[in-house]
Amino acid sequence: VLVAEAATVVDATEFGDVLALSGGSYSIGSDDGSSSATAPPCTQAITYDFVQTFATAATAEPRLPPPNFNESRFYQHYNFHNYSWEAIWRYRRISDGVGGDGGAVGPNGQSTVQNWGGGNDFIYAPLLLNVAETGAQKRSGHWRGGIDTDALRGAEHLAFAYHYFYKHHPTAPTAARSRVAMNATATATCHALFKVPYLRDTRRSIGVNDFQLSVGHLVAGVDGVSAANPTAAIPHDRIAIGAYVVDIHPLLRPPCGAAGGHGAAQCCHYPKARLDTLPFFLPLRAFTNRDVSNLLVAGKTMATTFAANAATRVHPVEWASGAACGAVAVYASTNNTTLPTLLASTNAETHVVAMRAAARRHTPTEWYINGRSWPPTA
């Protein structure tokens, strides 16, 4: 067992391992009760990405499709959603370094990353175990990340199958069948899948005083902010900025209360799958945990609701929170204290201003919109 000690610890992991192992309180899945501590959580779908290359000559690949490729659920799953084969190829095409769109799609050595909602999104089961199962695994002394390895295996199979489905699709260029191949060199893996799946949500901290950033903080109207302002609510303890819509990729489960006798462990109720937000701010409270005072959280582990996480889960916001969280960790450690203590002190405002100034050296802390800084007094 490897034991590390520090005055301040930051959990910016994809799986929220430190949250789970530290004993800190956390949420997982939707917040409406359909994700209980003992039921499979109603999380977002995970995706095993991979790189495809359209080679200039025929490329040998394993001749056998992956296990269960002919299983009906895969055929029901795959959907181009009215997009063309070429449009999906261009969706996440890797830059060729010459600018523009890289030219026409064809056997010219182009590569693309496959991450498609109607393709390799694994919608059949959550990857993360529920809170009770995770706690039992931790106590067993055989920690395996608190994940469902069957779900991980299923996501791998789905990704492999989607590769074959896509390259052999009736609308694919004829050359694709023999020249589109998974690129293991690009992923640096023996199986050509990415090293880890893409998670859209994970274990989310419950902050001091049970705080969790909500969708209300990402739109106008919270904390007395006028709806005429171009940004979302401006919290008193703002420390970083972000911008993205609420974007939810639900699991394939019936809504709770649907006909058919679905029990609580089999149903999910999700918020609206897509919702616009305004340019928003991340508050220091979202970096805290109510039980572990010297634990800071960043990225997907921030103290957010399920819906708010769907807007803060993207890389730019994760990077902003990580940079700011690092500055806060240095400030707290230098002052031989913790963030919750600073926020509860009588001179909290002075500390907030100082931490914001420290974070600003590494990441933007204000918005600049239409020639004006927001908030105006920044």
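Reader: How many disulfides does the structure hold?

Author: The structure holds one disulfide. This is a predicted model, where local features need pLDDT of at least 70, side-chain atom pairs count only at pLDDT 80 or more, and totals for chains, interfaces and linings use all residues. Residues are numbered from 1 along each chain as its sequence is written, and side-chain values use heavy atoms, with hydrogens and water left out.

Reader: What makes Cys42 and Cys268 a disulfide?

Author: A disulfide is a pair of cysteine sulfur atoms within 2.5 Å. From S to S, Cys42 and Cys268 are 2.1 Å apart. So the pair counts as a disulfide.

Reader: Which parts does the pair tie together?

Author: Cys42 lies in the loop between β2 (26–27) and β3 (46–47), and Cys268 in the loop between β10 (246–247) and β11 (274–275). So the pair ties together parts that are 226 residues apart in sequence. Strands here are DSSP runs (E, at least two residues), numbered from the N terminus.

Reader: Why is the disulfide called left-handed?

Author: Because the torsion about its S-S bond is about -95°.

Reader: Is Cys42 buried or exposed? And Cys190?

Author: Buried means under 20% relative accessible area, exposed over 50%, partly exposed in between (1.4 Å probe, protein chains only). Cys42 has 0%, so Cys42 is buried. Cys190 has 80%, so Cys190 is exposed.

Reader: How do you know that strand β9 is largely enclosed?

Author: Five of the five residues of β9 (residues 238–242) are buried, so the rest of the structure largely encloses this strand.

Conventions
Helix = DSSP H or I, 4+ residues; strand = E, 2+ residues; numbered from the N terminus.
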